[in-house]
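This briefing concerns a predicted model.

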Amino acid sequence: MGKSKVYFTKEITPESLVKMYETLGVELKGNVAIKLHSGEKGNQNYVKPEFVQQIIEHVGGTVVECNTAYEGQRNSTEKHKKLIEDHGWTKYFDVDIMDAEGPDVELDIPNGKVLKKNYVGKNINNYDSMLVLSHFKGHPMGGFGGALKQLSIGVASSQGKAYIHSAGRTLDQFNLWDNLPDQDLFLESMADAASSVVKHFGENIVFINIMCNMSVDCDCCAVAEDPCMKDIGVLASTDPIAIDQACIDLVNNSDDPGKEHFMERVNSRNGIHTIEAAAELGFGSREYELISI
């Protein structure tokens, strides 16, 4: 596999998201799912609906989310819908909680390192293509969150999230914390799950990573640290592995004094292993050409 193209701009504006999408030269077809993180209650760092309004209207998509597998305001459809409304998403967009009703769709992963199937909300079958809008930041368990995390934990149903976090030991969110595996098995499970979503959409999936509000904590944290680094920019690619690798490299290559704190979170969780495992599965490449726009 040759080098993937990753486009980059330092401009972080609603307009730049549209420009970066158009630079990819891919027109997402049919019903477009917009996968993003709508933010846990109390979180201050998530990307707000007003910021992504232009790009979502540009592609004519539906915001899609999935219920969580941990305590909070997003682990049941009823609470999740209310929080999505409180955060302003339904003011601007159609929003679909894909696993609001069962049964889940099982995506096969015949070459999976750990998982041989992935559980996603049944409403995924209502969409022909997907725009993965990822807020790049740290993460308490995965080390960092970017395109690969959105594809895996993000798209998985509540049961699917428990299945990934437990490396296939349980589908029960209430039994999850008693079944946590070795860290690398969890990271490899994320890579497995991500591969199944990419396979599901084929060429009809693209990725935009927004490098702003970069805390070591995820948007799923009700109590999150404030950002530790200055904003870097917006990246776009058709390769989820390359775009996440490029984000890690931009952090490492920056002269921001906060990068050590950020990378301590990534490295202490062996976060790069998700990228390594994903590359071995072959649905993208760590080798990329960064093209400034």
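Rings of Phe, Tyr and Trp, the last by its six-membered ring, pair if their centres lie within 6.5 Å; planes under 30 degrees apart count as stacked, over 60 as edge-to-face and the rest as tilted. Five aromatic pairs are found when the whole structure is searched. In the pair Trp89 and Phe93, the ring centres are 6.1 Å apart and the planes stand at 35°, so this pair is tilted.

**Aromatic side chains**
- Trp89 and Phe93 are both buried.
- One aromatic cluster is formed by Trp89, Tyr92 and Phe93.
- At Tyr46, the face of the ring has Lys48 over it, at 4.1 Å from the ring centre.

**Sheet**
- An open sheet of eight strands has the order S4-S3-S2-S7-S10-S11-S1-S12, with mixed pairing.
- Strand S4 (95–97) and strand S12 (288–292) are the edge strands, and each pairs on one side only.
- From one strand to the next, the twist averages 25°.
- Strand S1 (residues 4–9) and strand S11 (residues 233–237) run antiparallel and are joined by four bridges.
- Thr9 has Val234 as its bridge partner in S11.

**Helices across the strands**
- Strand S10 (205–211), together with S1 and S11, has helix H1 (residues 14–24) lying across it; H1 runs at about 25° to S11.
- Helix H5 (residues 147–154) lies across strand S2 (32–35), strand S7 (129–135) and S10, and its direction is at about 115° to S7.

Note on methods:
Residues numbered from 1 in each chain as written. Predicted model: local features only at pLDDT ≥ 70, side-chain atom pairs only at ≥ 80, totals over all residues. Heavy atoms only, no water. Buried < 20%, exposed > 50% of the residue type's maximum accessible area, 1.4 Å probe, protein only. Lys NZ or Arg CZ within 6 Å of the ring centre and 35° of its normal. Pairing = 2+ DSSP bridges. Helix = DSSP H or I, 4+ residues; strand = E, 2+ residues; numbered from the N terminus. Axes fitted to C-alpha atoms, helices over the stretch in contact; angles between N-to-C directions. Contact = heavy atoms within 4.5 Å.
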